[in-house]
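Hi there,

Here is the structure I promised to pass on. Have a look at it first, then read my notes below.

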Amino acid sequence: MTYHSTMTKIDAPQQPLVKKPTVRPDLQTVTEVTHWTESLFSFRITRPSSFRFRAGEFVMIGLPQDDGKPLLRAYSIAAPTWDDTLEFYSIKVQDGPLTSRLQHIKQGDQIILRPKPVGTLVHDALLPGKRLWFFATGTGIAPFASLIREPQTYEDYDQVILTHTCRNRADLEYGRSLIAGLKDDPLIGDMIDGQLEYYPTTTRENSPCMGRITTLLQQGKVFEDLSLPAITAEHDRAMVCGSMGLNTDLKSILENYGLREGANSDPAEFVVEKAFVG
Ligand SMILES: Cc1cc2nc3c(=O)[nH]c(=O)nc-3n(C[C@H](O)[C@H](O)[C@H](O)COP(=O)(O)OP(=O)(O)OC[C@H]3O[C@@H](n4cnc5c(N)ncnc54)[C@H](O)[C@@H]3O)c2cc1C
């Protein structure tokens with residue numbers, strides 16, 4: 001009997017039975033979720049080391065659908081550029097294709113983050129000035145949540161004014177707590193003292209300052225309340241982020257002050273971006 005005759009043939013190694021999950025480079029992990037009201041929440045996700053953006057830009061994020069295709073929407077990045085994680089501030093639209101699901105995300109879940117951030121609410125699209133105004137309504141505060149935590153904002157301007165208008169007081173809470181925490185921020189805590197003004201207003205519920213920001217500007221109440229001179233093309237620069245209606249009205253108010261709309265390729269005195277379509 002030869003040794004060979006008793007040997008069983010050894011086949012080439014089999015493919016492993018458990019299929020490795022497909023690695024999607026654009027899937028990021030949720031690290032934190034905060035619900036501010038029944039219709040507003042913020043969340044943080046991991047940031048790929050290759051992901052670069054300019055403060056004020058937006059990016060496409062979303063969730064995979066049942067058929068595996070991504071469902072994506074534009075979102076302003078609310079985190080400053082130096083942050084390890086990416087923060088977003090979101091509406092919850094009950095029958096909205098994305099946010100009806102996104103509002104249920106929790107720590108450890110994965111969401112899609114597309115690479116190329118873009119946008120016009122960036123320092124590069126404005127000419128140098130003395131004062132920088134951020135005009136926001138609703139979730140339109142998100143790009144400014146990034147810009148007010150960016151050292152360049154305070155290096156480039158003597159004064160920075162953030163106005164935020166919402167229907168109810170609770171809708172202001174995300175911005176209010178952000179501002180309250182800035183003084184303890186290790187990077188810009190010392191820079192903002194006396195340089196940053198916060199001007200929250202409500203249009204429905206009673207609050208210390210009521211009214212649409214457009215009306216308050218036209219009445220001169222904003223300047224009175226903040227002890228500031230009226231806006232001029234020489235000294236003032238502005239960024240606007242709100243509904244189509246607010247954007248159109250503010251654009252015409254700013255143009256009446258003599259400011260011109262700028263763009264990345266053609267910097268001027270103000271820039272505008274939609275907070276949402278609709
Ligand atoms: C440049 C850009 C930046 C944006 N950044 C943000 C952001 O930072 N945070 C955010 O929540 N959304 C942002 N949006 C809106 C976002 O892209 C989605 O529309 C939103 O997430 C709702 O998605 P959805 O699929 O649930 O409903 P959609 O089908 O997209 O919207 C349904 C309807 O809900 C209303 N709606 C949508 N978004 C808002 C909103 N933010 N505030 C009030 N009403 C709204 C509109 O009437 C819209 O027609 C941005 C949009 C644009 C164009």
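A quick word on names: helices (H or I, at least four residues) and strands (E, at least two) are DSSP runs, numbered from the N terminus.

Before going on, two notes on the model. It is a predicted one, where local features need pLDDT of at least 70 and side-chain atom pairs count only at pLDDT 80 or more, while totals for chains, interfaces and linings use all residues. Residues are numbered from 1 along each chain as its sequence is written.

Back to the strands. β7 (residues 131–137) and β8 (residues 159–166) run parallel and share 7 bridges; two strands count as paired if DSSP finds at least two bridges between them. Both belong to an open sheet of 5 strands with parallel pairing, in the order β9-β8-β7-β10-β11. β9 (196–202) and β11 (270–274) are at the edges with a single partner strand each, so one side of each has no neighbour in the sheet. From one strand to the next, the twist averages 10 degrees (axes are lines fitted to C-alpha atoms, for helices over the stretch in contact, and angles run from 0 to 180 degrees between N-to-C directions).

There is also an open sheet of 6 strands, this one antiparallel, ordered β4-β3-β6-β1-β2-β5. Its edge strands, β4 (70–76) and β5 (85–91), each pair on one side only. Neighbouring strands here are turned by 40 degrees against each other on average, ignoring direction. Strand β2 (residues 40–46) pairs with β5 in the antiparallel sense over 7 bridges, and F43 sits opposite F88 in β5.

Now the domains. The protein chain splits into domain 1 (27–113) and domain 2 (123–274), with bounds that come from an automatic or database domain assignment. Taken over C-alpha atoms, their centres are 24 Å apart. How many residues does each domain bring to the contact? Domain 1 gives 18 residues and domain 2 gives 15 residues, where contact means that the C-beta atoms, placed from the backbone, lie within 7 Å.

On the side of domain 1 that touches domain 2, β1 (27–37), β2 and β5 each supply at least two residues. The largest share, 4 residues, comes from β5. That side divides into 11 nonpolar, 6 polar and 1 charged (Ala, Val, Leu, Ile, Met, Phe, Trp, Tyr, Cys and Pro count as nonpolar, Asp, Glu, Lys and Arg as charged, and the others, Gly among them, as polar).

Cheers

Technical notes. Contact = placed C-beta atoms within 7 Å.
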